[in-house]
Amino acid sequence: MELLLLVAVSLPPKALDLLGPVQEVQTVETPFGRVGPLALRVDGAGHRIWIAPYSGLPTRTDPRATLVAAKELGIQRVLAWDEGVAINPVLGRGQTLLVADYIDFTRHRPTTFFQEEGVVGLEQVPPVCPEIYRALAAALPGAVGGVYLGVDGPRRETAAEARMYRRWGADVVGQNLVPEIGLAAELELCYAGLVTVTHLGADQPPLPPHGEVRQGLEQVLDALPRVLTGLEGPRSCGCPRRLEGARSRGLLREAWWREV
Ligand SMILES: [Zn+2]
């Protein structure tokens, strides 16, 4: 079992040691820039977890580069752990949300590898890998599923925007899952996301913190080994065949992503 974990939350040093010691460090050159260093951790059960610190800063790695690097390393599954703003007033700080669907409200990021390929009309596919989603839900019984709205940032939403996003059906807003989630589908990678709520929406009255975000992060950390165990075995989801239709119509060359 091999997985790339994109970590966009702030964790204390050594928090990821429970995923095993670092056994390898890699930097990958891609047509979209350099990715890494990525640290490979291997736990006692032999799970191989590549860790990539990930942030929504303007200096962030090009999202296309991150996913091409995963593909080049032979990684088939990607899990993104983001922090987010609760738009649904039912959600509190520290709550874990599993991304069941998403809205792309980014405006300045590359959203497809096929800009110049002329590939149109790709099939509708599940927004996240159902296999990783199930493993997350089993390992995190207290988590809820919801809709993630991706924005460019770095500024926070206004109260008016928070109310608008809620009417659109969003539960959380974040800056690190979109457009990666759609780009991963184009590379036939399995991709899923989970969000730790760190802030309440700008339209909510502020509440003094009492350690609930730290507790929420710890719950996810504790669950990660169980998530990995739940993903043992070959992929049985439809993610590796997402482009089959386009390929069978002659719209894609084999290994096109090596040439992007
Ligand atoms: Zn999948």
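The model is a predicted one, in which local features need pLDDT of at least 70 and side-chain atom pairs count only at pLDDT 80 or more, while totals for chains, interfaces and linings use all residues. Residues are numbered from 1 along each chain as its sequence is written.

The secondary structure of the protein comes to six helices and nine strands, where helices (H or I, at least four residues) and strands (E, at least two) are DSSP runs numbered from the N terminus. Of its 260 residues, 40% count as buried, a term that requires 20 or more other C-beta atoms, placed from the backbone, within 10 Å of the residue's own, whereas 12 or fewer make a residue exposed and values in between make it partly exposed.

Helix H1 (residues 63-72) is largely enclosed by the rest of the structure, because eight of its ten residues are buried; among them are Pro63, Arg64 and Leu67. The cover over these buried residues includes strand S1 (2-7), strand S5 (77-86) and helix H4 (180-186). Just after H1, Gly74 takes a positive phi of about 80°.

Beyond its neighbours within four places in sequence, Cys129 is in contact (C-beta atoms, placed from the backbone, within 7 Å) with Cys190, Tyr191, Ala192, Cys237 and Cys239. Although Cys129 and Cys190 are 61 residues apart along the chain, their C-alpha atoms are separated by 5.3 Å.

Key
Two residues are in contact if their C-beta atoms, placed from the backbone, lie within 7 Å.
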